[in-house]
Amino acid sequence: MEVLVPKFQSLKFPSPSCCCSITTWNSSYLKIGFRRLSSLSVSAASKVNEAVVESVIDSPSLGHSTRPHFPILHQEVNGSKLVYLDNAATSQKPTAVLKALQNYYEGYNSNVHRGIHFLSAKATDEYESARRKVAAFINASDSREIIFTRNATEAINLVAYSWGLSNLKSGDEIIVTVAEHHSAIVPWQLVAQKVGAVLKFVNLNQDEVPDLDNLKQVISRKTKLVVVHHVSNVLASVLPIREITHWAHDVGAKVLVDACQSVPHMIVDVQNLNVDFLVASSHKMCGPTGIGFLYGKIDILSSMPPFLGGGEMISDVYLDHSTYAEPPSRFEAGTPAIGEAIGLGAAIDYLSGIGMQTIHDYEVELGTYLYERLLSVPNIRIYGPAPSEKVQRAALCSFNVENVHPTDLATFLDQQHGVAIRSGHHCAQPLHRYLGVSASARASLYFYNTKEDVDNFIQALNDTVNFFNSFK
Ligand SMILES: Cc1ncc(COP(=O)(O)O)c(C=O)c1O
């Protein structure tokens with residue numbers, strides 16, 4: 001069957017300002033050439049609700065009480081009220097974070113650790129205070145254990161190139177699951193190729209979660225590192241990190257946890273989990289883009305060589321060699337993302353003000369609601385474990401609807417209903433291959449979402465599926 005979308009005038013597809021083509025499930029099934037990009041920015045600029053209420057008393061839910069703190073949510077997209085369900089890709093930012101960035105650039109923009117003047121001292125204080133906030137947020141025992149990076153990806157690369165190159169040798173094994181994000185696979189492929197180490201992949205079990213029995217089995221004396229996600233960005237599954245670190249430490253291996261999808265949504269305590277390394281990105285936890293962090297146990301960080309060379313990371317520089325600063329400076333070469341780190345500190349203040357347990361409890365309820373409502377959509381396949389008393393899912397669902405390409409779904413939801421979801425492989429191609437699909441659609445929630453958002457999404461999804469089915 002072939003549907004040529006431009007026949008439907010009400011669908012706002014081809015536009016002179018377009019620039020990206022959309023691939024389809026089956027190229028003979030649907031041909032949508034272009035997607036309009038200009039509408040978002042225009043309506044975003046004009047329709048942001050200026051009068052954001054600071055707090056709402058007697059709100060029916062956490063979503064209702066916090067939504068007013070996020071100006072971007074109060075706009076129309078493509079003629080419909082925006083429903084933002086792409087939080088696993090990036091979260092929105094509350095006014096408190098926007099103000100922190102503005103205060104920095106308006107009030108004390110200056111370089112850190114270098115100047116003795118007032119502005120530089122203030123910027124340095126705030127930057128280092130942000131580091132302490134991150135440390136306290138994940139219960140690190142020492143703020144020197146927090147390295148600011150550009151994002152989680154850079155944090156993993158830092159460990160791969162610094163710790164990996166100096167600790168891995170030919171025949172050593174790195175255990176990874178098939179459900180890892182590309183940023184937790186590719187750096188290890190690169191380093192393994194250099195040193196002759198071997199990557200061993202753990203598959204999923206019947207419940208569509210990484211097979212822990214298999215993980216336990218493959219950990220051996222050859223294992224030098226276990227790299228696992230805390231919460232899967234596709235399956236929504238949650239791994240028992242404490243147990244995994246126990247198994248790894250038993251054979252003297254280190255554990256790196258990709259906490260991109262857990263730190264924004266639940267209490268994460270690095271001492272309790274006993275992880276060696278943990279990474280996360282600010283932009284997924286209400287903070288600015290361009291900043292993330294690596295947590296590493298101080299004795300391990302102290303033993304690691306620099307990742308990048310330049311200013312800030314040295315102790316003394318001679319013509320023929322240099323000596324290096326102690327962590328964290330050793331790993332923060334050059335001028336860091338100062339305003340962004342301060343913005344991340346403000347995001348942590350904001351999240352802590354609500355309480356991570358409150359956020360988590362609300363998301364468990366909302367995520368279950370999303371899962372159950374999605375099950376009512378005909379011919380849907382939701383990936384990952386079913387929620388139950390024993391199995392807790394994160395508040396996201398990756399799914400496919402029979403005979404409809406996820407990108408077509410996402411495009412219609414956006415263009416016709418103002419619903420923002422993600423489609424594609426979500427930087428987890430090996431996992432999608434394992435699941436036997438090339439792509440999926442993903443709706444991911446945050447604490448500022450409400451049941452009405454979910455209801456609007458489900459209604460829009462049913463409309464969209466009916467639209468496609470009408471051409472069968
Ligand atoms: C589980 C997981 N790991 C790693 C990343 C990479 O994060 P970033 O692109 O911010 O480095 C993401 C982002 O999508 C993620 O969801």
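This is a predicted model: local features need pLDDT of at least 70, side-chain atom pairs count only at pLDDT 80 or more; totals for chains, interfaces and linings use all residues.

Reader: OK, and how many bridges join E11 to E12?

Author: Five, and the two strands run antiparallel; E12 covers residues 292-296.

Reader: What about E10 and E11, in which sense do they pair?

Author: Parallel, over three bridges, with E10 spanning residues 254-258.

Reader: How many residues of E11 are buried?

Author: Five of its five, so to speak of residues 277-281 is to speak of a mostly covered strand. Phe 277, Val 279 and Ser 281 point one way, while Leu 278 and Ala 280 point the other way, and all are buried.

Reader: Switching topic: where does Leu 225 lie?

Author: In strand E9, which is residues 223-229.

Reader: Why does Leu 225 count as buried?

Author: Because it has 26 C-beta neighbours inside 10 Å, and the cut-off for buried is 20 or more.

Reader: Which residues is Leu 225 in contact with, leaving aside neighbours within four places in sequence?

Author: Ile 174, Ala 253, Lys 254 and Leu 256. Also, the C-alpha atoms of Leu 225 and Asp 276 are separated by 9.8 Å, with the two residues 51 apart along the chain.

Reader: And the whole chain, how many helices and strands?

Author: 15 helices and 19 strands. Of the 472 residues, 47% are buried.

Note on methods
Residues are numbered from 1 along each chain as its sequence is written. Helices (H or I, at least four residues) and strands (E, at least two) are DSSP runs, numbered from the N terminus. A residue is buried if 20 or more other C-beta atoms lie within 10 Å of its own, exposed if 12 or fewer, and partly exposed in between; C-beta atoms are placed from the backbone. Two strands pair if DSSP finds at least two bridges between them. Two residues are in contact if their C-beta atoms, placed from the backbone, lie within 7 Å.
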